[in-house]
Amino acid sequence: MYPVLIDLEKIKIVVFGGGKIGTRKVQSLVAEGSCPVVIAPEITNQLEILSSEGKINWQKRVFQKGDTTDFQMVFICTNQKEVNQEILEETSSTQLVNDTSDKNNSNFYNLALLKQKDFSVAITTHGQSPTRSKAIKNKIKDILEKLSI
C-alpha cells in the first residue's frame, strides 16, 4: 500500500448505502470538501440533514446498472451481500473502490486521521481493524494534548 492524500473536491465520489457505515464515510468525505452522490433507498437522519443542506446529492433508490460510471471513487456500504457484489462487478480497475463489507474487494483503505493546526497524523491497520486504528489515534491525541503540541 502507498499512502497518499487526495483532494476530494476534484474527484467524483459515489457512496452506496445510507446506514451507519455509509453515514460515517459520507461525513468524513463532506468534512474534507467533497459533495458525494449517495445512492440508497433510505438514509440516516444525519445524512438527511446533509442532503437538505446541499452537501450531498441523495438519490433515493436502490443500485442500478451503470451507477458506478463516471465516478473515480466508489464506496460500497450496503448490508446486502448480493448488491455489494453487483456494484463491485461493475467497477473498473481505474476506480478507487472501498468495499466496507469485504476488505479483500477494496483497492484502498481509509486511514484514521488526527488533524492538528499545522500537521496531521495518519494511522492504518491496512484494513484489518478500523476500531484499533481509531483507538491508536485517540491515544496519540491524548499524548499530544498532554504535551500541548
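## Salt bridges

Asp-7 pairs with Lys-10 in a salt bridge, with the closest N and O atoms 3.7 Å apart. The term means a side-chain nitrogen of Lys or Arg within 4 Å of a carboxyl oxygen of Asp or Glu. By this rule there are four salt bridges. The model is predicted: local features need pLDDT of at least 70, side-chain atom pairs count only at pLDDT 80 or more, and totals for chains, interfaces and linings use all residues. Residues are numbered from 1 along each chain as its sequence is written, and side-chain values use heavy atoms, with hydrogens and water left out.

How open are the partners? Asp-7 is partly exposed, at a relative accessible area of 40%. Lys-10 is exposed, at 66%. Buried means under 20% relative accessible area, exposed means over 50%, and partly exposed lies in between (1.4 Å probe, protein chains only).

Glu-53 and Lys-55 form another salt bridge, with their closest N and O atoms 3.5 Å apart. Glu-53 is partly exposed, with a relative accessible area of 45%. Lys-55 is also partly exposed, at 39%. Arg-61 bridges to Asp-67, and here the closest N and O atoms are 2.8 Å apart. Asp-67 is buried, at 9% relative accessibility.

## Helix packing

Helix H1 covers residues 20-31 and helix H2 covers residues 45-52. Helices (H or I, at least four residues) and strands (E, at least two) are DSSP runs, numbered from the N terminus. H1 and H2 pack at an angle of about 35°, with their axes 10 Å apart. Axes are lines fitted to C-alpha atoms, for helices over the stretch in contact; angles run from 0 to 180 degrees between N-to-C directions. The crossing of H1 past H2 is left-handed. That label applies if the near helix is turned anticlockwise from the far one by less than a right angle; clockwise would be right-handed.

H1 contributes Thr-23, Val-26, Gln-27 and Val-30 to the contact, and H2 contributes Gln-46, Leu-47 and Leu-50. Contact means heavy atoms within 4.5 Å. These residues divide into four nonpolar, three polar and no charged. Here Ala, Val, Leu, Ile, Met, Phe, Trp, Tyr, Cys and Pro count as nonpolar, Asp, Glu, Lys and Arg as charged, and the others, Gly among them, as polar.

Gln-27 sits in helix H1. Gln-27 is partly exposed, at 36% relative accessibility. Leaving aside neighbours within four places in sequence, Gln-27 contacts Gln-46 and Leu-50. Gln-27 and Ile-39 are 12 residues apart in sequence, and their C-alpha atoms are 15 Å apart in space.

## Nonpolar cores

The largest nonpolar core has 17 residues. Such a core is a set of buried Ala, Val, Leu, Ile, Met, Phe, Trp, Tyr and Cys residues joined through side-chain atoms within 4.5 Å. Ile-13, Val-15, Val-26, Ile-56, Met-73 and Phe-75 have the most contacts inside this core. Strand E1 (13-16), H1, H2 and strand E4 (73-76) each supply at least two of its residues. H1 gives the most, with three.

Val-26 contacts Val-15, Pro-36, Val-38, Leu-47, Leu-50 and Ile-56, leaving aside neighbours within four places in sequence. A second, separate core has 12 residues, including Phe-63, Phe-71, Val-83 and Val-97.

## Loop residues

Where does Ser-34 lie? Ser-34 is in the loop between H1 and strand E2 (37-39). Ser-34 is buried, with a relative accessible area of 6%. Beyond its neighbours within four places in sequence, Ser-34 contacts Leu-8, Ile-13, Leu-29 and Lys-55.

Asp-70 lies in the loop between strand E3 (57-59) and E4. Asp-70 is exposed, with a relative accessible area of 58%. Its phi is positive, about 75°, although Asp-70 is not a glycine. Most residues other than glycine have a negative phi.

Lys-103 is in the loop between strand E5 (96-99) and strand E6 (112-115). Lys-103 is partly exposed, at 27% relative accessibility. Lys-103 and Gly-127 are 24 residues apart in sequence, yet 6.2 Å apart in space, C-alpha to C-alpha. Leaving aside neighbours within four places in sequence, Lys-103 contacts Tyr-109, His-126, Gly-127 and Gln-128.
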